[in-house]
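Here's a quick briefing to read with the model open.

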Amino acid sequence: EEKVYLMLGDVMADDVYNYLTSKHYSEEKPLEVDFMKVAHHGSKYNISNKLLDIIKCNNYIISTNGGFGRSYHPDRETIGKILYHPKRDMETTVHLYFNYTLDEIGKRTIIFNEGEFEQANCVIHENELEL
């Protein structure tokens with residue numbers, strides 16, 4: 001349907017940043033995508049403001065059930081980096097797509113407090129299996 005998806009798998013933020021800048025993307029000429037699958041289930045170690053500086057996107061896919069064992073995802077810091085990125089136009093709505101319900105994810109990790117996503121001009125799509 002002529003949509004552009006950036007599927008980051010488990011890649012580290014610096015590796016994506018270095019690759020994109022080698023292809024001449026920059027803050028002045030960002031990579032424009034319709035959807036970005038956030039790396040490593042929304043881990044705070046796989047996203048950075050520097051990376052978000054060179055990607056223009058308003059629809060973020062986070063594939064996680066909340067995690068197990070020692071790792072629980074998505075990290076609250078990841079959501080914060082996306083929603084409160086310094087260069088983000090707060091008038092533009094950001095959409096977060098989760099493949100599980102927030103209730104299920106919230107059994108293992110806290111990603112929002114009451115009213116936070118509305119305040120950030122964000123729409124949550126939960127239990128989404130198709131886009």
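## Salt bridges, core, pocket and backbone

K44 is partly exposed, at 28% relative accessibility (buried means under 20% relative accessible area, exposed over 50%, partly exposed in between, with a 1.4 Å probe and protein chains only). Its side chain meets that of E77 in a salt bridge, 3.7 Å from N to O. K44 sits in the loop between β3 (35-37) and α2 while E77 belongs to helix α3 (residues 76-83), so far as the chain goes a link between distant parts, 33 residues apart. Helices and strands here are DSSP runs numbered from the N terminus (helices H or I, at least four residues; strands E, at least two).

A word on provenance: this is a predicted model, where local features need pLDDT of at least 70 and side-chain atom pairs count only at pLDDT 80 or more, while totals for chains, interfaces and linings use all residues. Residues are numbered from 1 along each chain as its sequence is written, and side-chain values use heavy atoms, with hydrogens and water left out.

**Salt bridges**

- Searching the whole structure turns up four salt bridges (a side-chain nitrogen of Lys or Arg within 4 Å of a carboxyl oxygen of Asp or Glu).
- Side chains of opposite charge can pair when their charged atoms come close.
- E77, the partner of K44, is partly exposed too, with a relative accessible area of 39%.
- E116 and R76 pair up through their side chains at 2.7 Å, N to O. With E116 in helix α5 (residues 116-119) and R76 in helix α3, the pair ties together parts that are 40 residues apart in sequence.
- E116 comes out partly exposed at 22% relative accessible area, and R76 is also partly exposed, at 34%.
- D14 and K50 form another salt bridge, at 3.5 Å from N to O. This one links distant parts of the chain, with D14 in helix α1 (residues 13-22) and K50 in helix α2, 36 residues apart.

**Nonpolar core**

- In soluble globular proteins, nonpolar side chains tend to be buried together.
- The largest nonpolar core here has 31 residues (a core is a set of buried Ala, Val, Leu, Ile, Met, Phe, Trp, Tyr and Cys residues joined through side-chain atoms within 4.5 Å). The residues with the most contacts inside it are M36, I55, Y60, I82, L83, L96 and F98.
- Elements giving two or more residues to this core are α1, α2, β5 (59-62), α3, β8 (94-98), α4 (102-106) and β9 (122-125).
- What does I55 touch beyond its neighbours within four places in sequence? I55 is in contact with L6, L20, P30, L31, V33 and M36 (contact means heavy atoms within 4.5 Å).
- Y60 is found in strand β5 and is buried, at 5% relative accessible area. Leaving aside neighbours within four places, Y60 is in contact with M36, V38, L52, I82, V94, H95, L96 and Y97.
- F98 is in strand β8 and counts as buried, at 1% relative accessibility. Not counting residues up to four places away in sequence, F98 touches I62, P74, I79, I105, I111, I124, H125, E126, N127 and E128.
- For Y60 and Q119, 59 residues apart, the C-alpha separation is 17 Å.

**Largest pocket**

- Rolling a probe the size of a water molecule over the atoms shows where empty space is left.
- The largest pocket has a volume of about 400 Å³. On a 1 Å grid over the protein atoms alone, where a 1.4 Å probe fits, a pocket is an open set with protein on both sides within 12 Å along at least five of seven lines, and lining residues have an atom within 4 Å of a point. Its volume is the space filled by probe spheres set on the points.
- Its lining takes in 16 residues, with I55, K56, C57, K87 and R88 nearest the centre. The elements that give two or more residues to the lining are α2 (49-53) and β4 (55-56).
- By type, the lining residues split into seven nonpolar, three polar and six charged (nonpolar covers Ala, Val, Leu, Ile, Met, Phe, Trp, Tyr, Cys and Pro; charged covers Asp, Glu, Lys and Arg; the others, Gly among them, are polar).
- I55 turns up in two places: close to the pocket centre and among the core residues with the most contacts.

**Positive phi**

- H24 has a phi near 75°, a positive value in a residue other than glycine. H24 lies in the loop between α1 and β2 (31-32) and counts as exposed, at 59% relative accessibility.
- H40 also has a positive phi, near 45°. H40 is in the loop between β3 and α2 and is partly exposed, with a relative accessible area of 25%.
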